[in-house]
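Good morning, colleagues. I would like to take you through one model this morning, moving from chain-level totals to helix packing and then to individual residues.

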Amino acid sequence: MITQRVFGAGFTPRVQLALALILLGGVLVPLSNLLLAPSNPLHVPSYALALFGKYLCYALLALSLDLVWGYVGILSLGHGAFFALGGYAMGMYLMRQIGARGVYANPELPDFMVFLNWSELPWFWLGFDRFWFACLMVLLVPGLLAFVFGWFAFRSRVTGVYLSIITQAMTYALLLAFFRNDMGFGGNNGLTDFKDILGFPVQAAGTRGALFAASALALAVGVAVCAAIVGSQYGKLMIAVRDAESRTRFLGWRPENVKLFAFTVSAVMAGIAGALYVPQVGIINPGEFAPANSIEVVVWTAVGGRGTIVGPIIGALLVNSAKSWFTGALPDFWLFALGGLFVFVTLFMPKGILGLWDQWQNRTMRKKPADDPIEPSTAPLPQPAE
Amino acid sequence: MADPNLLPACAKPLSFREADERKGISVILAFLSLFFLFLSPAQAAEAQLRTILAKLADAKGFPAVEAVVRELGATGDPAVSGPLEALSAGDLYFAKADKSIAILRDGAILDPLSGAKTREGATSAFTKIRVNNGLRGAIRDVLGSLTLSAPDPAVRLSAVATIFNRPDPEAIPALDAVLAKETDATVKARMEEARAAAVLASDLPEDQKRAAIETLGARGDRAALTLLSNYAQSAQGSLRDAAASAADRIRTVLAGWDVAQNVWFGLSLGSVLLLAAIGLAITFGVMGVINMAHGEMVMLGAYTTFAVQEAIRASAPGLFDWSLAIALPAAFLVAGAVGFAMERGIIRFLYGRPLETLLATWGVSLILQQAVRVIFGPNNREVGNPTWMSGSFEIGQMAITWNRLWIVLFAGAVFLGLLYVMKRTPWGLQMRAVTQNRRMAASMGIRTPWVDAFTFALGSGIAGIAGVALSQIGNVSPNLGQSYIIDSFMVVVFGGVGNLWGTLVGALSLGVLNKFLEPYAGAVLGKIIVLVLIILFIQKRPRGLFALKGRAVEA
Amino acid sequence: MTTKAGTILYLNGVSVSFDGFRAINDLSLVLDKGEMRAIIGPNGAGKTTMMDIITGKTRPDKGEVFFDGNIDLTRHDEPGIANLGIGRKFQKPTVFESHTVEDNIRLSLKGERSVFAALFAKNSVADDRRITEILETVRLDGRRDALAANLSHGQKQWLEIGMLLAQDPKLLLVDEPVAGMTDAETAETARLLKDIAREHSVIVVEHDMHFVRELDVKVTCLHEGSVLAEGPLDHVAADQRVVEVYLGR
C-alpha cells in the first residue's frame, strides 16, 4: 500500500501486478523469440510474437474505451475510428519510407497515387516522411477529432444511446470517406507493402521484437496514465458524472468538460494503439473503420469488466485468443460464439470477469465491497421514450 | 383494258415515281412500269421489286449498292425487308452464271422475296454482295421508314423514332406521305417532330425551318434539346437565335423536370428509409429499446421472400405473381416471432439499461447473420420481381419504375396502418399507456409484460415486411440488415424519438436531401455529408425534429 | 412589487410553457436575504418548474429572475448558477452512489471547478476539517467511509443536504426533503434546516404540513403556476381558495 500512496490511489495492487506483468512480458517474449532455439520449450515462435503483439494493441484500445465507458459512462461505438486514424498516420509514414521501391518505382508518390495518375503528393501527405511528424499526427489527428466531436456532442448534452449512435455514425461516415479513391488514402486497398520503419525492415525478427516491446511499453504507460487519472479527484468526478450527471452540474462542475478531457485522452490512446498495430500487421485499410469493429472492442471491455483498468486488457487478450482459435478450428462458429458472448456477458456477468472475481472474493473473505464498484443499476423500470 | 384494279395499283407506283425522278433513276424504269401496268397489281409490284433487286448484281461499289437499297425502300413495299435484312447480314448473293439474286442461308438457296427454297445447286456458284457498316446504316434507315406505314401503331412509333434519331432530309417525302394518312394523334405528333428534325438537316427554305424549330421546341425533351443546340451552333442569323432560344426554353423546362425527378428519387429513397426505420420507431421510439438487430429483422423478411419464391417456383410456378402477397404475412410472422423470442429471452431482463440492450441485441444480430449465412450461403440471393413490379412508365420527362412506385405506396400504407394500430385500436392504447406510465398501466389491469412482448414483435414484424419490399430493389445477402441499420437510427433520431410522424418526415426529408446532394457531391460523398449534417443536427436538437418537451421527457 | 435591492431572489412576471401547457404563469416571488420560505401547492402547481427556472435548467419564456440583488439568472447555465451560490436538492435524493460519503462531500466542496484543478488536487487538512464539520451537521459523521449506495433513504437526503452545505451557497433550494422519512427523521430534518437557515437563505418545497408547521416560516402557496396565497401557515391554511385547491371543488 506504500506504492499506492506514492503513485496515487489508482495504483491498486491489481494495477501494479498488471503493470509488472506487461513490462516483464514486453521484455521476455521478444527475447525468447530472438535468443532461444526453436527446439527450446520456452521459445516463442515468430507467428505467436506477431499475434500477441497485435493483441497488445487491442488491449490498449480496449483500455482506452474503458476510460470513457467504464468511468464516464460514454459508450463510444466509434473508438475504432480513432484507432484507424492513428493507424493511417503511421501507415502514411511507412508508405513514404517505401520510396522508389514500389511497383512503379516513383521516388515521391506511393504506388496507388501513380496508379491514379496523380502528379504530386497531396498537401496532407507532406511531412509524413519524417517519423517525428507522423508520431505527432498519431496523437493529434485522433485527439483533435475527439476534441471537436466531443466539444459539440457533450456541450449539447447528447448522452446515452444517442451519443453511442452518433459515434457510430461518425465512424461509418469515415468508413465511407476512406473507401473513396480521391480521398488520397489508397481507397479500398488502404496502405500496405511496407518496407521499413526507422530504417529497419518491418519483417525482420529484430524489428518485430522491438515493436512487441514498444506495444507492451505503450500499454504499460496507458495503464499508468489511466490509473493516475482514475485515482485523482478528477477520477472521482468522472464516476460522479457517470452516475449522476445533473447532480455534478448543480454542484457547479461542468460535466461536458469532464467528458471532453476523458474522451480526448482516450482517443489519443486509441490512436497510439492503431499506430503500433499497423507496422505489425503490415496493412491498414478502411475496413478498420467498420462499425462492427468498434462494437467488438466494447465486448472485449465488457468481458474483462469495465471500470477496472485491468479487466479490458484481460478481455481483449481472451476474446482475441478465442477468435484466433475459432477462426482456425471452427470458422463458421466464431460469429455465433461472439454473438452469444455479447448476450451472455450483458445478461449474466454485467461486471465482467473481474467483477465475478471480486464477488467471489467478497463471498469467501467477507471483505468490504470491491474498490472499483460498477455503476449500480439505478433504474430498474423501463424508461418511457427518452 | 379497263381493269378496275388498275387505278389503285397505278397510283402507288406513280407516287413513288416522283421520288424516283428526283433521284434521277433511269428512264428504262418508266417503260418497265408501263409494262407492269398490264399485270395484276401484286404481280406488278413483285416484278418491279425483282427488277430493282437484279440491279444489285451489277452494282459496283458500296455507293451503287446503297442507291439500289434506297430504291428498294422507295417502293414502300414491306416485302423488301427480307432481302434487305439478308443483305445486312451478309446472306445475299447473286449467281455467277445468270446474275439472279438469292439468299444463301444454312447451305440452302432461297428466293430473295418469298424466302422459299428455289433450287438445288452448289453454293460456290454464287458471289456474295458485300456490305459495310455504312451500307448497314442505310439499310436500317430504309427498313425504318418502311415500317412507317405498318398497321401496328407501336411499330410506326419505333420507326419514326429511328428517323428522329438520325434525321435525314430524304425521309421528308416519305414522312409527308404517311403524315397525310396517320390517324393516331401521338404517332402523328412524333412524325411531325421527326419531319422537323429532318427539315433542320435539309436545305429547305427558312420559314419551313423556323416552323421546324417551333415543333421541336414544343417537343421539349433531351433529344430535341440536343438537335436544337447542335443546330444553333451551325446555323446563322435569326434561325440560330430562334434555335438557341427554343433550346433555352427546353432547358428551363427540363430543369423543372430534373427537380421533379430528384424529388421522386428522394421520395423513393425516403420511403425505403421509412420502411427500414418504421419498425425501429416502435421498438426504439415507443419502447425505448435499442434494437441493433433491427436490420436483421429486415434481412429475415427478405430471406423469407426468397424462401417463399423458391417454394412457389418448385410447386406452383403459376402463383409467382402472388409471391409477394404470400411473403408479406410470412415475413411478418417470421420476423415477429424472432422479435417476440428476443424480447422474452433477452430484452425484458435489460429494461432501463439501454446500453446493455444495445450490446445484447448486437450479439443477436451477429447470431442471426451467421445463421442465415450458414443456411442460405454467404452470397447474394436472387429475389424475382413479379411482372407487375417490373418495367417503368413515363410522366412528362420523368421515368418512373413500377417497383419504386409500389414501394412508395407500400411504405405509405404501412405507415398509415401502423398509425391506425397505435391510435385507434385498444392494443395501441395499451401500448401507449404502458410506455407512458408502466406502474399505472399495470394497476389498471394491463398485462405489461405481454404488451412489451407484442409491441416488440410488432416492430420486428414490420421490419420483416419492410424486408419483403426491400428485396425487390437490392441484393439479398446476410449483410442486408447492416446496410440499413445506421440509416434507420439516423431517421428515427433525426425525426424525433417517440413520434411516428417525425419518422415519416425524417425519412422523406433525408431521402430527398440525399438525392439533391448526389448530383453535386456524388453518391458516397452525399451520404457522408448527410451523416455529418445529422450529427450536427442532433447536437443542435438532441431530441430530433419533433421532440416532446417538458418535464416528462427529462425524468 | 418591492425593489430588487436587498433580496436574495427576485422573480417577476415569470412564465414558461411546454407545448402549450403553462407550467408557470406570471409568477412573482421575492425572498429576502437570510429568509427561509416554505412553498406548498398541489401536484402540477409548478413548484419543481420554478426550481428549474431558478437553477437554469429551464429558460423562462418571459419574466425577470434576479439573484442576490442584480445578477440576472437567465443569462447563466446550471454550473454557472451553482457557482454563483445557489445549491439545489432534488426531489428524488441524488447522490454519487459509487462514492463514499466523504468523497460525495469532497466533490461538493467550494473551490476551483476546472478539470485540471481536479486532476492535480491534493487533499488538504482544511478540507478534511470542513468535511468533518459538515458531516456532523448532517448527522453522518459515523458513516464517513460508507458507500453512499448503502445509506438509508433518509440518510441520502441528509447527505444531499450536506453536499449543498459543502458548496457554501447563499441560497439553498430544497425539494421535498422529508419525502419517505420516518417521523423521527422528519423532526430531525426540520431542526437541521432551521440550523442551516441561520446562515443561509432557504426555499423548501414540501407537501408534509406537519413538517411545514415545524419549520414555522412564511409560506407561499402555488397553484397553476402562480402565487395563490402567501403569509404565515395559519393564514394561508385558512384561505378559502387554498382549501378549495387542496380539497377540490
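**Chain B in outline**

In chain B, 68% of the contacts with a separation of 6 or more are between residues 24 or more positions apart. Please bear in mind throughout that this is a predicted model. The secondary structure of chain B comes to 23 helices and six strands. Chain B has 555 residues, and 48% of them count as buried.

**Annotated spans of chain A**

I turn now to chain A. An unreviewed UniProt entry annotates several stretches as "transmembrane region", namely residues 15–35, 47–65, 71–95, 131–154, 161–179, 210–237, 258–278 and 333–357 of chain A. Let us look at two of these in the model. Residues 71–95 of chain A are 76% helix and 0% strand, and their end C-alpha atoms lie 37 Å apart. For residues 333–357 of chain A, the figures are 84% helix and 0% strand, with 28 Å between the end C-alpha atoms.

**Two helix pairs**

In general, a pair of packed helices is described by the angle between the axes and by the distance between them. How are helices α2 and α8 of chain A oriented towards each other? Helix α2 (residues 13–35) and helix α8 (residues 205–231) of chain A pack at an angle of about 175°, and their axes are 9 Å apart. An angle over 145 degrees counts as roughly antiparallel, and α2(A) and α8(A) are therefore roughly antiparallel to each other. On the α2(A) side, the contact includes Val15(A), Leu19(A), Gly25(A), Gly26(A) and Pro30(A). On the α8(A) side, Gly206(A), Gly209(A), Phe212(A), Ala216(A) and Ala220(A) are among the residues taking part. By class, the residues of this contact divide into 17 nonpolar, four polar and no charged.

The second pair is α4(A) with helix α7 (residues 160–179) of chain A, where the angle is about 35° and the axes are 10 Å apart. Here α4(A) contributes Ala81(A), Phe82(A), Leu85(A) and Tyr88(A), while α7(A) contributes Met170(A), Thr171(A), Leu174(A) and Phe178(A).

Ser76(A) is located in the loop between α3 (46–72) and α4 (79–98) of chain A. Is Ser76(A) buried or exposed? Buried means under 20% relative accessible area, so Ser76(A), at 1%, counts as buried. Leaving aside residues up to four places away in sequence, Ser76(A) touches Leu65(A), Thr167(A), Phe263(A) and Val298(A). The side chain of Ser76(A) also makes a polar contact of 2.9 Å with the side chain of His79(A).

Ser390(B) is partly exposed, at a relative accessible area of 34%. Its side chain reaches the backbone oxygen of Pro386(B) at 3.0 Å. Not counting residues up to four places away in sequence, Ser390(B) touches Asn385(B) and Trp402(B). Between the C-alpha atoms of Ser390(B) and Arg404(B), which are 14 residues apart along the chain, the separation is 9.5 Å.

Finally, in chain C, His235(C) belongs to helix α9 (residues 233–238). His235(C) counts as partly exposed, with a relative accessibility of 47%. The C-alpha atom of His235(C) is separated by 22 Å from that of Ser201(C), 34 residues away along the chain.

Terms used
Residues are numbered from 1 along each chain as its sequence is written. Chains are lettered from A and ligands numbered from 1 in the order in which they are written. This is a predicted model: local features need pLDDT of at least 70, side-chain atom pairs count only at pLDDT 80 or more; totals for chains, interfaces and linings use all residues. Side-chain values use heavy atoms; hydrogens and water are left out. UniProt positions are given in the numbering used here, feature names are shortened, and annotations may be inferred rather than shown by experiment. Helices (H or I, at least four residues) and strands (E, at least two) are DSSP runs, numbered from the N terminus. Axes are lines fitted to C-alpha atoms, for helices over the stretch in contact, and angles run from 0 to 180 degrees between N-to-C directions. Angles under 35 degrees count as roughly parallel, over 145 as roughly antiparallel, 65 to 115 as roughly perpendicular and the rest as oblique. Contact means heavy atoms within 4.5 Å. Ala, Val, Leu, Ile, Met, Phe, Trp, Tyr, Cys and Pro count as nonpolar, Asp, Glu, Lys and Arg as charged, and the others, Gly among them, as polar. Buried means under 20% relative accessible area, exposed over 50%, partly exposed in between (1.4 Å probe, protein chains only). A polar contact is a pair of N or O atoms within 3.5 Å; within protein, one must be able to donate a hydrogen and the other to accept it, and residues adjacent in sequence count only if both atoms are side-chain atoms.
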